[in-house]
2 protein chains.
Amino acid sequence: MLDYNNQDSWYDDKHLNQSPVDLVANDEHVQDFLPIYADKFYQLTQEINDETTIRLTGFGNATIFNREFEFQQIHFHAPAEHTINGKQLPFEIHLVHQNKIGQTVVVAILPKLGNSNPTLQAIINNFNADEPQSVSIKLENWIARLSSGFHYQGSLTTPPLTEGVEWVVIDDSSLTVSQNQIDWFIHQFGKNNRDTQALNGRQIEHYSK
Amino acid sequence: MLDYNNQDSWYDDKHLNQSPVDLVANDEHVQDFLPIYADKFYQLTQEINDETTIRLTGFGNATIFNREFEFQQIHFHAPAEHTINGKQLPFEIHLVHQNKIGQTVVVAILPKLGNSNPTLQAIINNFNADEPQSVSIKLENWIARLSSGFHYQGSLTTPPLTEGVEWVVIDDSSLTVSQNQIDWFIHQFGKNNRDTQALNGRQIEHYSK
């Protein structure tokens with residue numbers, strides 16, 4: 001029986017719903033594409049060296065799974081944090097969104113190795129020059145309409161590792177980053193991918209044709 | 001700088017987004033009513049004495065803030081856990097819902113003191129007779145269309161006090177429970193309301209005309 005006269009004893013500190021995870025598509029069909037509709041541009045206004053990555057705050061709006069969210073910040077991991085069927089890509093972009101009551105949705109993009117990404121290069125150049133300038137992300141390239149990908153409940157991937165974070169991981173992005181760009185990040189910050197975490201029974205939805 | 005070679009050291013165990021809370025309406029108008037559309041009935045199939053309350057599992061469906069949820073279970077607190085403008089009502093009903101990816105929404109109803117609630121009385125009678133029988137909740141009475149109320153991000157109110165729980169607290173329910181029914185619960189289980197918790201900057205939305 002629960003002791004209502006000793007409520008301070010109730011806390012336990014299990015962490016069962018952590019991110020990142022290995023994403024595996026199951027056979028259950030949900031819908032052909034992820035329901036995300038973002039502004040044409042997110043405007044990035046401040047570039048922050050947080051010693052673990054570059055973090056850029058800014059503004060923009062998106063409707064994600066039928067609720068309105070405000071874009072908060074973007075940051076980068078090299079190599080990728082989420083893996084797909086056990087396979088790790090070289091880079092992962094996190095677009096963090098929040099709504100009025102503080103629910104967090106992170107839209108993760110997994111670029112492939114290829115041509116240099118010009119927006120990312122502008123961010124790197126501003127960082128190198130120590131001259132933060134406003135950069136805008138052209139969303140139709142970053143979060144394409146009718147993207148396919150994964151949807152699950154997890155956590156922040158850096159401390160305080162807060163749970164209750166909703167993840168949308170796009171798995172068919174046409175974005176690429178170059179080996180030079182990846183090398184620059186790893187040289188600057190070291191590898192900054194958290195290990196994949198146990199699912200502990202969590203269901204992952206896969207949105208795909 | 002974050003030590004990616006010592007990731008086990010990252011956990012901290014702050015609990016900043018806990019429930020219940022004192023709910024205070026601000027002046028910002030969101031929408032006239034809470035966007036909840038439930039089935040006509042939830043069918044309760046199993047009645048459980050969990051030593052802290054009566055918990056009934058069952059099935060039903062609801063669209064809550066534009067997403068589909070399945071009803072999981074209902075249980076009861078006496079007196080109420082959430083307070084409104086510092087005022088505590090005598091009873092609180094929690095209808096717990098979950099969606100495919102494990103997001104939890106609890107719809108809380110705060111009946112007023114008045115006539116005996118017949119569905120609650122059937123539940124009490126089944127409990128007293130130790131003869132669990134299927135009970136159905138007529139939702140139009142329990143979650144009225146166009147209800148007003150509060151919307152915020154919190155936690156379970158019993159261990160493990162998991163955060164990331166979305167709360168919808170209806171504040172204009174026409175449900176009543178009798179003093180006898182309240183007395184029965186408190187005699188059976190003791191007072192089972194968790195203390196209200198600090199908001200720590202959380203925003204609460206109020207949906208009302």
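Modeller: A:Pro20 belongs to the segment before β1 (22-23) of chain A, where strands are DSSP E runs of at least two residues and helices are H or I runs of at least four, numbered from the N terminus. This is a predicted model, in which local features need pLDDT of at least 70 and side-chain atom pairs count only at pLDDT 80 or more, while totals for chains, interfaces and linings use all residues. Residues are numbered from 1 along each chain as its sequence is written, chains are lettered from A and ligands numbered from 1 in the order in which they are written, and side-chain values use heavy atoms, with hydrogens and water left out.

Biologist: What is the form of the peptide bond from A:Ser19 to A:Pro20?

Modeller: The bond from A:Ser19 to A:Pro20 is cis, with omega near 0 degrees. A cis bond also joins A:Pro159 and A:Pro160, with omega about 10 degrees. A:Pro160 sits in the loop between β12 and β13 of chain A.

Biologist: What makes A:Gln188 buried, exposed or partly exposed?

Modeller: At a relative accessible area of 33%, A:Gln188 is partly exposed. A:Gln188 is part of helix α3 (residues 179-189) of chain A.

Biologist: How many residues make up the contact, and what area is buried between chain A and chain B?

Modeller: With contact meaning heavy atoms within 4.5 Å, 40 residues of chain A and 40 residues of chain B take part. Together the two chains bury about 3600 Å², 55% of it on carbon and sulfur atoms; buried area is the accessible area (1.4 Å probe) that two parts lose on being put together, summed over both. In chain A, A:Tyr4, A:Tyr11 and A:Ile101 lose the most area to chain B, together 19% of what that side buries.

Biologist: How many salt bridges are counted between chain A and chain B?

Modeller: The count is zero, a salt bridge being a side-chain nitrogen of Lys or Arg within 4 Å of a carboxyl oxygen of Asp or Glu.

Biologist: How do you know that the two copies are related by a two-fold axis?

Modeller: A rotation of 180 degrees with 0.0 Å of shift along its axis superposes chain A on chain B, with RMSD 0.0 Å. The copies are thus related as by a two-fold rotation axis. The superposition is by least squares on the C-alpha atoms of residues with pLDDT of at least 70 in both copies. Among the residues of chain A, A:Gly164 comes closest to the axis, at 2.0 Å (C-alpha). The same surface serves both copies, as 100% of the contact residues of chain A recur in chain B.

Notes. Buried means under 20% relative accessible area, exposed over 50%, partly exposed in between (1.4 Å probe, protein chains only).
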